[in-house]
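User: I'd like to learn how to read a model like this one. Could we go through it feature by feature?

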Amino acid sequence: MHIVADENIPLLDAFCGGLGRLTRVDGRTLGPGQLADADVLLVRSVTRVNADLLAGTKVRFVGTATIGTDHVDTHWLARQGIAFFSAPGCNASSVVQYVLSVLSLFMVRQQRSGFDGLTVGVIGAGNVGGALVQRLLDLGASVRVSDPPRQEQGADLPFASLDDVLQCDVVSLNTPLIPEGPHATAHLLDAARLSRLGAGQLLVNSGRGPVIDNRALLARLQAPDAPLVALDVWENEPEPSAELVDECWLATPHIAGYSLEGKSRGTEMIAHALHQWAGAEFHARLASVLPPPPLSELHVTDHATPMDALHRALMACYDPRDDDSRLRGAFARGDAAGVPRGPVFDELRKRYPVRREPSSLTIAMPPDTAVQRTLSHCGFRVVEASGV
Ligand SMILES: NC(=O)C1=CN([C@@H]2O[C@H](COP(=O)(O)OP(=O)(O)OC[C@H]3O[C@@H](n4cnc5c(N)ncnc54)[C@H](O)[C@@H]3O)[C@@H](O)[C@H]2O)C=CC1
Ligand SMILES: O=C(O)C(=O)[C@H](O)COP(=O)(O)O
């Protein structure tokens, strides 16, 4: 079996080494010529998988080690009888970690001492948004959800109209990109909806860039009383609008799902599907493949409030300002050297530093149920240690 795979899929040798010949390619520039004798294609989100890429090849299995599938023409694959697998939920906890860290920075900026009275609107409550809603409810925030498909299915969530959700202090977008149909999300936040957001609010997009009309967002951010905006995903990736990057409070290069656990889980899920499809036994397990986390312990003193402790723990694990500075610094250096922004954006993603999820951080602290509860709600492991 000849497997052609994006070079940015981690741990593929550990998970698929025994299955056949493995050829690594640049997923962004992959063309049909590189698939001439491929049986299997494994991609991430930067490869458009459609008739233009695959017609005339003998590829019979496509896997994407991602949650999103908007880069894949699944209908065409189905018509050709080509097996297709994605990795639903693989990096959901990483995206939740990103949103909670952004939210925590916002709360510090607003000098809020806790979640009481904070309203958070979540648009799209699937694996990512649903987990986010649960965390926020556990933390004591007031949550409103816009997810018409789930509402029609009768899910038990605090549903509200999109207009009501847009009035929340914080609005988090966690939908797939759906170009058309009754629940289309392309430009879901257009100029009219963006005009309802104002000063003191925070808009976070870690779904897909085109869910917000980026030109309309730029115009909104250049007008008075603009909200704060944190964008991880952009229209026209890998070359987001330079002016929009400048206007954003936090700008990151589509890395919300880039925890080591999240990316590796994506590989594990498609490797498992590929083994099943090929009738081969699958033995590798993520826990045995991942290295131990570099940062394994944080000490919280008995003076810390739940909010202080949570902020410290979140920042110790993942501080989005680091990714924001890396993006702005790399763009500035690239602009000065005449390097186009696309390769700079992709390089930041390719060389992304190791980032671990809250479950990898053990927090040692004196007995304090309120602080412990808050940290546990966010996925941290808390152990009691007297005299910290
Ligand atoms: N920034 C990043 O690194 C990452 C981004 N993503 C993006 O996040 C998206 C969501 O991920 P999951 O929650 O795992 O997907 P999911 O498929 O589990 O959930 C998506 C939810 O969106 C809802 N939805 C669909 N149309 C809607 C509409 N018009 N308005 C409101 N809600 C709508 C669905 O009913 C569903 O509950 C992915 O499709 C992907 O595009 C995912 C992982 C990483
Ligand atoms: O899983 C998804 O969906 C994502 O957005 C990925 O985390 C994006 O990563 P790449 O596939 O672009 O490496």
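User: What covers the buried residues of helix 15?

Analyst: Keep in mind that this is a predicted model. To read burial, list the buried positions of an element and then look for what sits against them. In helix 15, V344, F345, D346 and L348 are buried, and the cover over the buried residues of helix 15 includes helix 14.

User: How should I read the spacing along a helix?

Analyst: An α-helix takes 3.6 residues for each turn, so residues three or four places apart point the same way. Now look at the contact here: R341, V344 and L348 are the residues of helix 15 that meet helix 14. From helix 14, the partners are R326, L327, A330, F331 and G334.

User: What classes do the residues of the contact of helix 14 with helix 15 divide into?

Analyst: There are five nonpolar, one polar and two charged residues in that contact.

User: At what angle do the axes of helix 14 and helix 15 cross?

Analyst: For a pair of helices, look at distance, angle and hand. The axes of helix 14 (residues 320–337) and helix 15 (residues 341–350) cross at roughly 145° and come within 10 Å. The crossing of helix 14 and helix 15 is right-handed.

User: Let's zoom out. How many helices and strands does the protein chain have?

Analyst: The count is 16 helices and 14 strands. The radius of gyration is 21 Å, close to the 21 Å that the globule rule gives for 388 residues, so the chain is as compact as a globular protein of that length. Along the principal axes, the C-alpha atoms fill a box of roughly 60 × 55 × 50 Å.

User: What share of the residues is buried?

Analyst: Buried residues are 46% of the 388 in the protein chain. For the contacts, check the sequence separation too: among those with a separation of 6 or more, 62% join residues 24 or more positions apart.

User: And the ligands? Which residues are closest to ligand 1?

Analyst: Start with the shell, then ask which elements and classes it draws on. Around ligand 1 there are 33 residues, with G68, G124, G126, P176 and G257 the closest. Helix 4 (92–109), helix 5 (127–139) and helix 6 (148–152) each give two or more residues to that shell. By class, the shell of ligand 1 has 13 nonpolar, 16 polar and four charged residues.

User: Which residues are around ligand 2?

Analyst: They are N8, R44, S45, V46, T66, I67, G68, N91, H254 and G257. Two of the residues around ligand 2 are nonpolar, seven are polar and one is charged.

Technical notes:
Residues numbered from 1 in each chain as written. Chains lettered and ligands numbered in written order. Predicted model: local features only at pLDDT ≥ 70, side-chain atom pairs only at ≥ 80, totals over all residues. Near = placed C-beta within 6 Å. Nonpolar A, V, L, I, M, F, W, Y, C, P; charged D, E, K, R; others polar. Helix = DSSP H or I, 4+ residues; strand = E, 2+ residues; numbered from the N terminus. Rg over C-alpha atoms; globule rule 2.2 N^0.38 Å. Buried ≥ 20, exposed ≤ 12 C-beta atoms within 10 Å, placed from the backbone. Contact = placed C-beta atoms within 7 Å. Axes fitted to C-alpha atoms, helices over the stretch in contact; angles between N-to-C directions. Left-handed = near helix turned anticlockwise from the far one by under 90°.
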